[in-house]
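Let's take a walk through this structure together. Have the sequence and the 3D view open as you read.

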Amino acid sequence: MTPLLSPNTQAILLLTAPLIVGRGKTTPDLLSPGEYKRLARHLRETQRQPADLLSPDATTDLLPAPQSGIDADRLQRLLGRGFLLSQAIEHWQARAIWVVSRADADYPTRVKMRLREDAPAILYGCGDISLLETGGLAIVGSRHVDDAVIGDTMAIGRLAARAGRTVVSGGARGIDQAAMRGALEAGGNVSGVLADSLEKTAMNREHRGLLIDGQLVLISPYDPSAGFNVGNAMQRNKLIYALADAALVMSSDLNKGGTWAGAKEQLDKLRLVPIYVHLTRGTSEGLNVLHDKGAMAWPNPQDTESFGDVFDRAVSPTPTMTPSRPPLEGDDGSIPDTPSATVLTGQREPQAKQEPSRPISALTGNQTVTKQIDDVPKAAKELGDIHSGGHQLTAMKYNPADALFGSVREVMRQLLRAQEPMKESEVAAALEVSLAQTKVWLQRLVAEGVVENPKRPAGYILKQSRLFE
Amino acid sequence: MPYNSARALQLLRIGSGRIDASFRNGQEAAIRHIVEGRGRLLVIQKTGWGKSFVYFIATKLLREAGSGPALLISPLLALMRNQVEAARRMDLRAEAIHSDNSDDHADIEDGFLRNDIDILLITPERFANQRFSAQVLAPVAGRIALLVIDEAHCISDWGHDFRPHYRLLERIIHTLPPNLRLLATTATANNMVDSRWTLTVSAWLLRSHGSGEVWPIALAQTGYDQ
C-alpha cells in the first residue's frame with residue numbers, strides 16, 4: 001500500500017511524525033497531539049486543510065493565535081522536513097508498511113467516528129487495512145498471568161475465529177499474545193494494535209505469512225521504529241476499544257497498570273463498546289471492581305451462536321453512551337444536539353448540558369460499517385436522510401426524495417473514490433440508471449462539493465483529501 | 001522566501017568572474033522560482049547555458065537566509081570540477097563525493113553532518129548506498145532545503161540513458177511533498193529532446209505531487225529550440 005500519500009497526509013506527517021530513519025535524531029519540537037488538534041481545529045474554522053500549509057502561498061494567517069505556542073518558524077522547520085519524509089516513506093515501503101491519516105478515506109471508520117478529534121492523526125500499519133473495518137472482540141489483560149488464564153484466553157480466541165469474529169488486541173506478552181495466537185491458529189482474523197516496534201513485529205517471520213495472507217493486520221499510532229514507552233501503551237489501549245464491537249478484560253490489577261487504566265477509562269468516560277470481565281477463574285480484585293463499575297460478567301459462551309450474542313448486549317444501562325466531546329475537524333460545530341437536529345437515536349434523551357456529539361450506537365453489535373454518519377455532509381443531516389446499518393435513525397421530517405438522494409450520495413462516494421475520474425456514461429452504466437438521471441445527480445453533488453469534475457482527464461471524481469469530512 | 005535580485009546578480013558576477021555579466025534568458029526566473037519555493041522546476045538547456053549557476057546561486061541565497069544545505073545528484077560528477085570552482089568563487093561551500101576523491105570522503109561527510117557544506121554533490125549510486133543513506137543523509141535529511149537532480153533524463157524509461165539507481169530517485173521524487181524545492185535539469189542535446197519528451201517529464205513531475213492539487217511547474221526552456 002502507501003502508493004502516493006495525499007498532500008494532507010504528507011503535511012500531517014511533517015507536523016507530527018518523528019520520521020525515524022537511519023541514524024537520524026528525532027526532531028524535538030514536533031506538534032503534540034494536543035497542539036495538532038488545535039491547529040486542525042483552527043484550519044477547519046478557517047475553511048482550510050493541512051495541505052494548504054504546503055502551498056507556496058501559505059501565509060501566517062493559516063496559524064492559530066500566537067499564544068497557542070505554534071509559531072511560524074517552528075511550523076516552517078517541521079514542514080521543511082520534506083526530504084526526510086521521502087526517505088522515511090522509502091524506508092517504510094521497503095518493509096510493506098503503510099500510512100494513513102485521518103484525512104484519508106482508508107482511515108479506520110470506527111476509530112474516526114468514536115474518537116473524533118482524539119483519533120490519532122496518523123496510523124502506520126502492515127497487512128490488510130480492511131480488516132480494521134471488521135470490528136470484533138477486543139481481548140485485553142495483563143502481561144503476567146498464570147497458565148490457566150492463558151489457556152482460557154486462547155480458547156476464546158479460537159472461538160472468536162470459529163464464529164467469524166475478528167480479535168482485536170495489543171500484541172503485548174501475556175493475554176494479548178494468547179488471544180491473538182488462539183484466533184490465528186484457528187484460522188481467524190486479528191487486528192493487532194501495537195504501542196511500539198511495528199517494524200520489528202511486522203518483519204517477524206512468524207507474522208509475515210499471516211500479514212501477506214490477510215489474516216493479520218498490525219497497526220500503531222507510533223513511528224514504526226519507535227521503542228517501548230509507557231505513555232504510548234496507555235494511548236494505544238483507547239484504539240483497541242475503538243476498533244472493536246465489544247471488549248473482554250481477561251485480567252487486571254487494581255488501580256494500576258495499562259489494562260486497569262484503559263478499562264476504567266472506558267467504563268467511566270468513553271463507553272465506546274460493551275465491556276465484559278472474565279470472572280470465571282475465581283476472584284480478582286481488579287476485575288471485581290470493574291464489574292462494580294458496570295462491566296458485564298463474561299457469559300462464557302461455548303459455541304459460536306452464544307458467542308455472537310455477546311455483541312448484542314446493550315452497552316450499559318447508564319444514561320448516555322455518546323461521549324461528550326467536540327466535533328471532529330470538518331464539522332462546523334454548529335450541529336445542534338437538540339430535538340430539532342435531524343439525527344437522533346431511539347434510546348437517546350435530549351440532554352440538558354452536552355456538547356455537540358454524534359450518535360455512536362449504530363456501530364455496536366453490528367458488523368456493518370456505517371461510514372455514513374461521519375461522511376455525509378452536513379446538508380444531508382439537515383435533510384434527515386440518514387439511516388445506517390441496521391439501526392434506523394429516525395428523523396424529525398422524513399422526505400423520501402431526500403432519503404433517496406442521501407443513498408445516492410453515499411453510493412457515489414464509494415464509486416468515485418477511484419484513482420481516475422469516471423465519465424458520466426461510466427457512472428450511469430455502473431448504477432444502471434439513465435444518463436440524464438446520472439447527470440442530474442452528479443451536478444448536484446458537484447454543487448455540494450462532494451464531487452469534482454476536473455477537465456483533464458475529464459470526468460467526475462470524489463473531491464480529494466477531505467480531512468474535514 | 002523573498003528573492004533578492006541584486007544579490008543574485010552580484011553572485012553571478014563573482015561566480016563567473018566577469019564584472020559585467022548578466023543573466024541569460026530564463027536563468028534568473030529559474031533562480032527566483034526556486035528561492036521563492038514556487039514548486040518543482042524542470043530546466044532543459046544546452047550545455048554551456050549555465051544551469052549550474054541556477055542551482056549554485058539559488059543555494060547561496062537559501063543558505064544566506066538560514067536554510068539547510070542542498071543535495072545534488074548527478075551521474076557525471078567527475079566532469080563538474082569547473083562548476084565547483086565557480087561555486088567556490090562565490091564563497092559557496094560545494095563538495096563532491098565521487099570515486100576520484102576517496103581520501104576526502106570521511107572529511108566531506110563530517111563537514112556535511114556539521115552543516116559546514118552548502119551543497120553536496122553525489123552520484124545516484126552513492127544516494128542509493130545503505131550506509132551513506134543511514135549515516136550521512138539521515139541525520140541531515142530533515143534540513144535539506146533543495147534537491148537538484150542533474151541529468152534528469154536518466155530517470156527511468158523517460159530517456160535514453162537509463163541508470164538503474166535512478167529508480168530510487170524516481171520513487172523519492174514521487175514521495176516528496178510539494179513544498180520541498182526540487183530542480184531537475186537536463187542538457188540533453190537539442191535534437192534528442194523533442195517536445196513529447198518534455199511533456200512526458202513534465203507530466204510525470206506533476207503526477208508525482210499526488211492527485212488533486214496541481215502545483216505550478218515552470219519550464220525554463222528559453223533558447224533551447226532556436
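## Before we start

Two strands count as paired if DSSP finds at least two bridges between them. With that in hand, take strand 1 of chain A and strand 2 (residues 122-127) of chain A: 4 bridges join them, and they run antiparallel. One spot to look for is A:W98, whose bridge partner in strand 2 of chain A is A:G125. Keep in mind that this is a predicted model.

## Chain A at a glance

Chain A has 469 residues, and 49% of them count as buried. You'll find 18 helices and 11 strands in chain A. Take the contacts in chain A with a separation of 6 or more: 69% of those come from residues 24 or more positions apart.

## The sheet

In what order do the strands of the open sheet of chain A sit? The sheet has 9 strands, and the order is 1-2-6-5-4-3-7-8-9, with mixed pairing. At the edges stand strand 1 (98-101) and strand 9 (296-297) of chain A, each with a single partner strand, so one side of each has no neighbour in the sheet.

Helix 6 (residues 147-162) of chain A lies across strand 3 (137-140), strand 4 and strand 7 (246-249) of chain A. Relative to strand 3 of chain A, helix 6 of chain A runs at about 170°.

## Around strand 5

Now zoom in on strand 5 (residues 190-193) of chain A. A:V190 and A:G192 point one way, A:S191 and A:V193 point the other way, and all are buried. Strand 4 (residues 167-169) of chain A is joined to strand 5 of chain A by 3 bridges, and the two run parallel. Here A:V167 stands opposite A:V190. To get from strand 4 to strand 5, chain A passes through helix 7 (residues 175-185) of chain A, and this β-α-β crossover is right-handed.

Strand 5 of chain A also pairs with strand 6 (residues 216-220) of chain A, in the parallel sense and over 4 bridges. In that pairing, A:S191 stands opposite A:V217.

## Two residues with positive phi in chain A

A:S197 sits in the loop between strand 5 and helix 8 (198-203) of chain A. Its phi is near 55°, a positive value in a residue other than glycine. Is A:S197 buried or exposed? A:S197 counts as buried because it has 20 C-beta neighbours inside 10 Å, and 20 or more is what it takes to be buried.

A:E432 also has a positive phi, of about 55°, although it is not a glycine. Look for A:E432 in the loop between helix 17 (424-431) and helix 18 (435-448) of chain A. A:E432 has 6 C-beta neighbours inside 10 Å, so it counts as exposed.

## Where chain A touches chain B

The contact takes 28 residues from chain A and 28 residues from chain B. On the chain B side, helix 7 and helix 8 (166-175) of chain B each supply at least two residues. Helix 7 of chain B gives the most, with 7 residues. Sorted by class, the side of chain B that touches chain A has 13 nonpolar, 11 polar and 4 charged residues.

How do helix 4 (residues 82-93) of chain A and helix 7 (residues 130-141) of chain B cross? Their axes come within 8 Å and cross at roughly 130°, so the two helices are oblique to each other. A:F83, A:L84 and A:Q87 in helix 4 of chain A meet B:L137, B:A138 and B:A141 in helix 7 of chain B. The residues of this helix contact divide into 5 nonpolar, 1 polar and no charged.

## Inside chain B

Helix 2 (residues 27-35) of chain B is largely enclosed by the rest of the structure, because 7 of its 9 residues are buried. These are B:Q27, B:E28, B:A30, B:I31, B:H33, B:I34 and B:V35. Just after helix 2 of chain B, B:G37 takes a positive phi of about 65°.

B:Q83 is part of helix 4 (residues 81-89) of chain B. With 23 C-beta neighbours inside 10 Å, B:Q83 counts as buried. Follow the sequence and B:Q83 is 30 residues apart from B:F53, but in space the two are 8.3 Å apart, C-alpha to C-alpha.

Conventions
Residues are numbered from 1 along each chain as its sequence is written. Chains are lettered from A and ligands numbered from 1 in the order in which they are written. This is a predicted model: local features need pLDDT of at least 70, side-chain atom pairs count only at pLDDT 80 or more; totals for chains, interfaces and linings use all residues. A residue is buried if 20 or more other C-beta atoms lie within 10 Å of its own, exposed if 12 or fewer, and partly exposed in between; C-beta atoms are placed from the backbone. A crossover is right-handed if, with the strands pointing away from the viewer, the path from the first strand over the helix to the second runs clockwise. Axes are lines fitted to C-alpha atoms, for helices over the stretch in contact, and angles run from 0 to 180 degrees between N-to-C directions. Angles under 35 degrees count as roughly parallel, over 145 as roughly antiparallel, 65 to 115 as roughly perpendicular and the rest as oblique. Two residues are in contact if their C-beta atoms, placed from the backbone, lie within 7 Å. Ala, Val, Leu, Ile, Met, Phe, Trp, Tyr, Cys and Pro count as nonpolar, Asp, Glu, Lys and Arg as charged, and the others, Gly among them, as polar.
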